[in-house]
Amino acid sequence: MKILITPRMERCIGCHSCSLACARLVHQRLSWDMAGIRIASSGGLSTGFEARTCLACTQAPCAAACPTGAYSQRRGGGVIVRKNICIRCGECARACPVDAIYLDPTGDPFVCLHCGKCVPYCPHDCLEMKEVGGGSPAEKAEASEVAA
Amino acid sequence: MIRDYFRVLIVDLASGKGKVAYVPGRDEVAGGSGLGALLFTKYGKADRPWDDPEQPVIFAIGPLTGYFPLMSKTVAAFKSPYHDQYAESHAGGRSALALRFADLDALVLTGQAPRPSAVVVGSRYLELKEVHYLWGIDVQESGKLLRRMFHGSGHRSILRIGPAGEQKNAMAGINADTYRHFGRLGGGAALGAKNIKAVVIIGDGSFPLMESKDYPKLFEAVYQKLTATDMMQKYHNLGTPGNVAVLNELKAMPWRNLQATTDLNVHGITGESFAETALLRNAACAGCPVGCIHIGFSREKFQADYRYFYRQVSYDHEPIFATGSMLGVTNCFAVLDIIDVVEQMGLDVMSAGVALAWATEALEKGVVTEKETLLPLKFGQHHAYQEAVRHLAYGVNDFYRLLGQGTLKAAAHYGGGDFACVLGQEMAGYATGEVYFASQALGLRHSHLDSAGYAYDQKHEDKEVEKAVDFLVADEASRAFLTSMVACLFARGIYTEELLAECLKAVGYGPLADSIDAVSRNIQKLRWQARLSTGFNPANVSIPKRFTEVTTWKGQVDGEFLAGLKNAYGRSILQLAREEDRQG
């Protein structure tokens with residue numbers, strides 16, 4: 001299994017290409033919010049940028065907080081989200097300690113699926129997919145199905 | 001959001017209330033430049049002065065904003081305090097995507113706020129917030145306070161003015177997200193006259209994309225062209241400052257109020273020199289992976305024992321020309337020190353630098369004295385220029401107040417018009433020859449980007465007036481369409497008419513894609529009509545003598561050729577606005 005990591009954010013130029021790619025390719029939206037990775041200036045433009053994205057917790061607080069089981073722990077880190085059983089309660093976003101989950105105005109949650117579709121769009125190579133092991137073929141198939 | 005009309009938020013600053021207008025015309029004017037002119041025609045008061053409270057200040061984006069890379073600029077349209085005529089000024093930063101995600105094709109501000117205020121808009125938000133405590137605070141500091149006051153970090157745009165705009169200085173710009181600007185023709189004063197310190201645009205909306213796979217495929221192809229080929233390399237490598245050495249070598253770099261076009265001391269202010277000694281990092285406009293913004297630093301020793309503070313200052317070719325070569329300053333850190341003050345004051349750097357270059361020569365020649373300039377301005381003395389920038393922004397005496405209304409206005413009073421480097425407004429950093437001079441003098445924005453006159457000069461040895469004017473007119477139409485999309489003009493080599501048609505079709509603007517040529521000409525016509533309705537007459541534009549004294553690599557500028565170009569281009573402009581058949 002691979003997870004998305006952001007090891008070189010000091011190189012970020014704030015173009016938002018990663019967020020726009022996630023929204024476009026994963027969620028079929030034009031958005032810089034409805035995305036698993038969002039870019040914010042850290043204390044104003046003059047101090048650079050930070051990525052708000054899932055840190056791939058292995059004991060994800062968002063999954064623990066989810067009252068319907070729509071969130072489940074993904075092996076290797078992060079979560080798998082089944083939107084068809086999500087009740088839009090927002091508990092996941094409130095539980096996330098690093099503000100990695102975006103809720104749209106209807107309460108629909110957007111969180112990184114660790115699919116890596118954003119990575120090639122970063123012009124400065126800030127992002128990387130890291131192999132963390134684990135994940136059965138069935139789990140991988142499930143993850144990609146949810147992403148699509 | 002794809003729609004065959006424009007969704008426009010009109011905010012009445014007197015009441016703080018807004019209304020959403022649905023304005024038809026997508027297939028006729030596209031957006032951006034075309035939309036700005038259309039909205040000025042609808043809401044502007046051509047026969048009233050620029051600071052009449054009813055005059056609109058318009059911010060417009062285009063049909064492709066946010067949908068494709070480098071569709072990342074916003075067009076500001078307003079009646080200019082500089083010439084009291086219709087004007088456009090363009091900026092990058094985040095405002096284009098913020099407007100897109102606020103679900104607005106344009107924001108129109110009319111009326112006058114009763115007290116200093118900030119306008120805050122989002123897809124589900126409108127507020128006119130009184131901010132009297134920000135009035136008088138410089139651009140950097142007010143940016144910090146505004147960031148703390150409003151939510152949406154990273155997905156909002158903060159446009160604000162500095163003391164120059166508050167003073168209604170005709171050279172005041174609007175700062176866009178710290179490092180970009182609606183610099184030229186006094187947009188800062190247009191907001192200042194409305195008591196508007198800041199416009200905060202919160203991009204908090206999202207839209208479903210079309211189901212077809214064509215769009216993401218085309219996006220990928222365009223993105224590859226922009227990043228995987230070397231077509232944009234010059235913009236993210238040295239950036240526009242790469243021009244400094246090239247133009248100096250070509251004898252096309254204005255030095256010391258255009259007394260020379262080349263100088264051996266250029267090495268201290270070349271793009272290479274900045275990159276190697278002063279570059280801290282790059283930044284990008286939202287939606288652009290190129291990252292052409294180059295940020296250097298200015299540091300100041302404020303106490304003994306090596307106590308310094310520093311500020312981050314963005315630089316480009318034009319600011320380097322205006323505060324470097326034009327003022328005889330040949331050290332990159334000295335240039336950044338001057339730019340830093342210009343930024344704090346909220347002045348347009350090109351106008352301010354060129355105005356102070358004239359003031360320096362005027363003082364040298366005895367046209368004015370230190371009683372007027374208050375400082376011993378001398379080419380190369382950068383500390384005096386830092387102070388002079390403050391004097392100019394605040395209009396500390398009659399001389400600086402007049403100079404802030406335009407160099408020619410000061411020259412009309414004090415003398416020295418022959419050496420005022422003004423081509424419609426203070427010149428840009430290209431002394432390439434006759435075609436460029438005529439192009440900036442008469443171009444709609446008086447910008448080096450109205451058409452590629454500077455490139456024409458470099459490629460043509462002949463002096464055929466008709467051929468050059470035909471080029472300027474055709475190139476302007478093509479650029480007017482690009483700035484209606486609204487593309488960054490750095491991408492003009494990639495966004496050909498064919499590619500633009502593909503992009504428009506892919507997102508659902510089929511009719512517009514099929515009529516690019518006619519729409520381009522319609523936009524061109526509409527913009528000139530807006531300009532002429534506010535009093536522009538090409539015959540009234542004069543090109544100061546200094547421009548005919550210039551020697552470029554082609555030799556001395558040919559005054560007769562220049563006059564011929566100006567007259568013929570002027571006639572073409574009048575024709576453009578009149579032609580009955582130029583309908584979209």
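How many residues of chain B are in contact with chain A? In this predicted model, where local features need pLDDT of at least 70, side-chain atom pairs count only at pLDDT 80 or more, and totals for chains, interfaces and linings use all residues, residues are numbered from 1 along each chain as its sequence is written. Chains are lettered from A and ligands numbered from 1 in the order in which they are written.

The contact joins 31 residues of chain B to 25 residues of chain A, two residues being in contact if their C-beta atoms, placed from the backbone, lie within 7 Å. On the chain B side, H7(B) supplies the largest share, four residues; helices (H or I, at least four residues) and strands (E, at least two) are DSSP runs numbered from the N terminus. By class, this side has 15 nonpolar, twelve polar and four charged residues. Here Ala, Val, Leu, Ile, Met, Phe, Trp, Tyr, Cys and Pro count as nonpolar, Asp, Glu, Lys and Arg as charged, and the others, Gly among them, as polar.

Within chain B, the axes of helix H2 (residues 32–43) and helix H23 (residues 516–533) come within 9 Å and cross at roughly 40°. Axes are lines fitted to C-alpha atoms, for helices over the stretch in contact, and angles run from 0 to 180 degrees between N-to-C directions. H2(B) is therefore oblique to H23(B), since angles under 35 degrees count as roughly parallel, over 145 as roughly antiparallel, 65 to 115 as roughly perpendicular and the rest as oblique. The residues of this contact comprise six nonpolar, three polar and one charged; among them are B:Phe40 in H2(B) and B:Arg527 in H23(B). B:Phe40 is also one of the residues in contact with B:Ile58.

Note on methods
Lists of a residue's contacts leave out its neighbours within four places in sequence.
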